[in-house]
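Okay, thanks for making time, everyone. I'd like to walk you through one structure today, starting with the sheet, then the helices on it, then a few side chains. Let me put it up.

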Amino acid sequence: MRSENKSGRSLVRARAALVAGALGLLLAVGGCGASGDSSGSGAKADVEAGPREGFTDEGGAAASAAPEGQSDDKAAGKKAAPKAGGTHVIRKATLSVEVKSVPKAVAAARGVAEGAGGMVASENTERLDDTYETSHLVLRVPQERFQEVLRELAGSGKLLSRTSNAKDVTDQVVDVESRISTQRASVARVRELMDQAEKISDVVALEGELSSRQSDLESLLAQQASLKDRTSLATITLDLTPPDAPGDDGEKNDDPGFLDALGGGWDAFMTMLRWIAVAFGAAFPFLLTAALAVLVWRVLRKRKAARRPAPAVAAAPAGKDDASAS
């Protein structure tokens, strides 16, 4: 019995040792595979990380890494949007100046604008009476000479008022330029499709689409030209007035005197006479016709009365005549 127990125990121990050896072998194989994978992945990471840290140019020299923002843009595959050169601003100003001689001031303002490389866009001169006149000018001058021209115009006489404003339209200019570029590419694509079209229906449809897109492109080009004109030339509105011009003193005009009242009454009287004359002139044909009708009616009545016979006198009875005779 004891020998059988010993043999059973030895068999169990042998099996346990066999299982432990197999497990150890499996663990050893797994550890080698893991170490191989880790080493391979590490090498691969080193290979991938190598170009990020630097690169070698055609001559073999190592170059430094690009800036962070530039590397991000390259990694994202984006291109920087084109920017219009400089800032685009629309400038406007309004001046009101009192001068001794309006014609001389107009000539001087024209000379200042043309001397700065600008022009007089419009001029409106109005004569108030035989002595006074005023002038309204619209000047267009280059942006870089805007402040200089303003100073010269303001110093030409007594400055009554001045306003100036500026509006930044850089974003609008960039947007219009981008839309023009896109629209031109769209028109070019439609033309390519027209060249490739074989059916008449396709050609007609593409012609309509091309006309619509060209119209949109022309509208964008007009907007671009308008923006270019307003941003390249500033606008100055100049009002020139003489001193003591009629209408400057509001209190004198608001307090009429006896002569003003007399003049106003005479004007009202003459206006009434004119209206009476107009009314009489309008009614004269009707009055003349009525008068002629009445005259004809009276003439015809008199003639009719003249044509009627005189009434006969009745004869008296014979007895009565004798009696009266006796």
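So, what we have here is an open sheet of 5 strands, in the order E4-E5-E7-E3-E6, with mixed pairing. The edges are strand E4 (119–127) and strand E6 (158–168); each has a single partner strand, so one side of each has no neighbour in the sheet. From one strand to the next, the twist averages 10°.

Before I go on, some housekeeping. This is a predicted model, where local features need pLDDT of at least 70 and side-chain atom pairs count only at pLDDT 80 or more, while totals for chains, interfaces and linings use all residues. Residues are numbered from 1 along each chain as its sequence is written, and side-chain values use heavy atoms, leaving out hydrogens and water.

On terms: helices (H or I, at least four residues) and strands (E, at least two) are DSSP runs, numbered from the N terminus. Two strands pair if DSSP finds at least two bridges between them. Angles run from 0 to 180 degrees between N-to-C directions, with axes as lines fitted to C-alpha atoms, for helices over the stretch in contact.

Back to the sheet. Strand E3, residues 89–98, pairs with E6 in the antiparallel sense over 10 bridges. If you want one to click on, Lys92 has Asn165 in E6 as its bridge partner.

Now, which helices sit on the sheet? Helix H4 (residues 146–154) packs on it, in contact (heavy atoms within 4.5 Å) with E3, strand E5 (133–142), E6 and strand E7 (233–241). The direction of H4 makes about 10° with that of E3. Helix H6, residues 200–232, lies across E3, E5 and E7, and runs at about 55° to E7.

Let's zoom in on Thr134, which lies in strand E5. Buried or exposed? Thr134 is buried, with a relative accessible area of 18%; the cut-offs are under 20% for buried, over 50% for exposed, and partly exposed in between (1.4 Å probe, protein chains only). Leaving aside neighbours within four places in sequence, Thr134 has contacts that include Val102, Asn124, Leu128, Leu240 and Pro242.

On to charges. Side chains of opposite charge can pair when their charged atoms come close. The structure holds 6 salt bridges, meaning a side-chain nitrogen of Lys or Arg within 4 Å of a carboxyl oxygen of Asp or Glu.

Take Arg110 with Glu123, where the closest N and O atoms are 2.6 Å apart. Arg110 lies in helix H3 (residues 102–115) and Glu123 in strand E4, so this pair ties together parts that are 13 residues apart in sequence. Arg110 is partly exposed at 29% relative accessible area, and Glu123 is partly exposed at 39%.

Then there are pairs inside a helix. Arg179 forms a salt bridge with Asp175, at 3.8 Å between the closest N and O atoms; both lie in helix H5 (residues 170–196), 4 residues apart, about one turn of the helix. Arg213 and Glu209 meet in a salt bridge at 2.8 Å, N to O, and they are 4 residues apart in helix H6, so about one helical turn separates them. Arg213 is partly exposed, at 23%, and so is Glu209, at 35%.
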